[in-house]
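Please look over the sequence and the model before reading on.

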Amino acid sequence: MAQTELNLDHDVSWFLLPSYWAKMLVALISFICFANSYDGDFVFDDSEAIINNKDLRAETPLGDLWHHDFWGSKLSSNTSHKSYRPLTVLTFRINYLFAGGFYPVGFHVINIILHCTISVLMVDVFSILLGGLQFSNKGRRLNLAPKTSLLAALLFAVHPVHTECVAGIVGRADLLCALFFLLSFLGYCKAFRENKEGHNFSIFWVLVSVILGAIAMLCKEQGITILAINYNYYYSLNAWLLLCPWWLCFDWSMGCIPLIKSVSDWRIIALAALWFCLIGLICQALCSEDSHKRRILTLGLGFLIIPFLPASNLFFRVGFVIAERVIYLPSIGYCILFTYGFSLLSKQAKKKKILAVAVLGILLINVMRCALRSSQWRSEEQLFRSALSVCPLNAKVHYNVGKNLADKGNQSAAIKYYREAVRLNPKYVHAMNNLGNILKERNELQEAEELLSLAVQIQPDFAAAWMNLGIVQNSLRRFEEAEQSYWTAIKHRKKYPDCYYNLGRLYADLNRHIDALNAWRNATVLKPEHSLAWNNMIILLDNTGNLAQAEAVGREALELIPNDHSLMFSLANVLGKSQKYKESEALFLKAIKANPNAASYHGNLAVLYHRWGNLDLAKKHYEVSLKLDPMAPGTKENYNLLRRKLEQLQKKAVFAGTMARVFVYGTLKKGQPNYKHMINTAKGLAKFQGRGRTVEKYPLVIAGKYNIPYMLNIPGTGHHIAGEIYSVDDQMLQFLDEFEGCPDMYQRTLMRIEVVEWEGKGGADEGVLECFVYSTTTYPPEWVGLPYYDSYDSSGKHGLSYVLRESRD
């Protein structure tokens, strides 16, 4: 078969590399362009498509991906974006699974690898597009065009307009679509490969091509709606972005590019230039006598125009007028036409090397531009601020800069940008809503109400603005209007847990406790992880004395949100009031571990220890609380009470010869199996002082396989338990702690003991003493149903003799 009339490589002064090395060079250059985006954050649309997309999480069935849009909403929902990209979402889910969470590095690395792979494939694609599929009699391809295909592939690899697709994670949809699009194209070309016998048509490769094309569609569709006029100027801007990709912006909407409204607008020149060039190229493609030239121009224009049509607003209106990501595939056509033009110039030029150096300069500039633009996509702050100089009239740019500042706590600066967004677009309800929120937090309630009222007037179904308006009205103590605003928000958004939460707060302020609990319960039904609603239910039930119900709600909440320290804290308070000290202590300590700088956590744990009788630990946590927050309400007063009590105990200890008083009621009494320890001076000093009984009633049971006596710490139930009072030194007290398994099995707390018979010196005249007693708050529920005793004797009529430790299994 004869060679074609036009050989693009013949007159081009450019690199000639073997195919393998050409692909390695393209891969390396494309990697260099975008490598610095690998450790960027999730930015812009990444939050909704990835972080807030439940389809990425393991608990969402894989089958749901086929019924949801790109953002995780049901396709049947009225609020769905209708963008159907299940395979792209599947790759995000795999990223999430292997990374073990939302860590952006893995997501970015995959995007970079995809672009490098596509750029390498372009070497083969451009070799076919520029060289054709003609074969020699021996079955070898003619016109491989290695120089021009390398140039075109490099142009594609380093084009700065691709930054959004590579550095923005949601751009993966375009990358995957392009990858399978090109594989489908290469598969189709393989189906028509010639051999020595002539054409060898392969049905297999045609089917492979069709399947790959279908996969490409499942990676990225083109959302389409209805057509409007005056979009021709935007086509010229898209063309300009391909020719000179210096001014790039993450969002070109909202006044960034004013429409052409008059024939006197100078921008019509750009429109005329675009159509002049396109018509000229189309004429050349149709009318040229050179078949190779016609094929190259036709393919170049086809790749430039056809992939762009779904986003062109020509047949249907889509949600944007310009978006850099939609130029990813059309840029193939641009690279073909650029390379073809370069070959024609090289053919005419006398100094071909100067022309080659100029093209090399363009490539280097593009590499630097890619690196700079990739760095701007590393964080939302850099991305949004980079757009201010490109699109100063874009209200959305100012809105996003303001939102980013507000999220970082810089409210003053955020207000400035929100106000500018509203000035540029007086109907920008989302900017009004966010500005109103900040003003509400700054207690500028009057202006906040005006903005939010205007927002719901412009968009009556704006549920978030209705809710925020209700919050402002509540702050202004206009409760009836606030309630109405909340219910209006819920009317427009049936499943609105945050609104139910705020409605519950309103009812709580009005002492409508049942209504408040119902509202918060609705919030937790709609959003089981709504920590604030759970917390408010626990606190309200606690404050109204419903401790059992508060405990039940707290346990239910922690089942659903096991690592929420605020819930641990609230439930710990309830358990402490129910005298479940050990469990309360464990929850307090867990909450403090999660949030060690919360003064209230330390303060309330100190109150628990104070009530429990662990005064040294109480003192420690009071001091930590006051260090974290010297103005903590009530903490300083409680601390002073504790200090006075410790001083009194210290005076009594000095008077009693630094001996502590212990009340024993079980096997340590005289005549009982373990009394030997009380008289073993090697373990410390214990001096019998007299007999007494508990002032309050407690259950004393004999339980377990070893018939051990237990005092259950349930005040008010059982009997006044009889026992013996001893004065012990620190060594004996330490032994008793170890012997009783304190604090795991028993807890040592101060209890009031009524003196029945006194043999010691001093103290008996008080009638009632404070003594350390070992009791338990941790026990099987069935123990409460055992017989209660007022005095323990191992050899008593009960027949439950104590089993000594040395005799146990």
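Tyrosine 500 has a relative accessibility of 12%, so the residue counts as buried. The cut-off for buried is under 20%. The model is predicted.

Which residue pairs with tyrosine 500? Tryptophan 487 does. The two rings sit edge-to-face, 6.3 Å centre to centre, with 90° between their planes. Tryptophan 487 belongs to helix α20 and tyrosine 500 to helix α21. The partners are 13 residues apart, and their pair links distant parts of the chain. Tryptophan 487 counts as partly exposed because its relative accessibility is 38%.

## A stacked pair

Tyrosine 581 and tryptophan 612 form another pair. Their ring centres are 5.5 Å apart and their planes meet at 25°, so this pair is stacked. The cut-off for stacking is under 30 degrees.

Tyrosine 581 lies in helix α26 (residues 581-594). Tryptophan 612 lies in helix α27 (residues 599-612). The pair therefore ties together parts that are 31 residues apart in sequence.

## Helix α20 and its cover

Helix α20 spans residues 479-492, which makes 14 residues. From first C-alpha to last, α20 reaches 20 Å. That is close to the 20 Å expected at 1.5 Å a residue.

The buried residues of α20 include Phe479, Tyr486 and Ile490. Glu483, Ser485 and Thr488 are also among them. What covers the buried residues of α20? The cover includes α19 (463-475) and α21 (497-509).

## Other ring contacts

The structure holds 17 aromatic pairs. Ring pairs also join Phe42, Phe92 and Phe107 into a cluster.

Two arginines lie over ring faces. Arginine 805 sits over phenylalanine 739, at 4.1 Å from the ring centre. Arginine 808 sits over tyrosine 706, at 4.7 Å from the ring centre.

## The whole chain

The protein chain has 31 helices and nine strands. It runs to 809 residues, of which 50% count as buried.

How far apart in sequence are the contacting residues? Take the contacts between residues at least 6 apart: 67% of them join residues at least 24 apart.

Terms used. Residues numbered from 1 in each chain as written. Predicted model: local features only at pLDDT ≥ 70, side-chain atom pairs only at ≥ 80, totals over all residues. Heavy atoms only, no water. Helix = DSSP H or I, 4+ residues; strand = E, 2+ residues; numbered from the N terminus. Buried < 20%, exposed > 50% of the residue type's maximum accessible area, 1.4 Å probe, protein only. Contact = heavy atoms within 4.5 Å. Expected span 1.5 Å × (residues − 1). Phe/Tyr/Trp six-rings, centres within 6.5 Å; stacked < 30°, edge-to-face > 60°. Lys NZ or Arg CZ within 6 Å of the ring centre and 35° of its normal.
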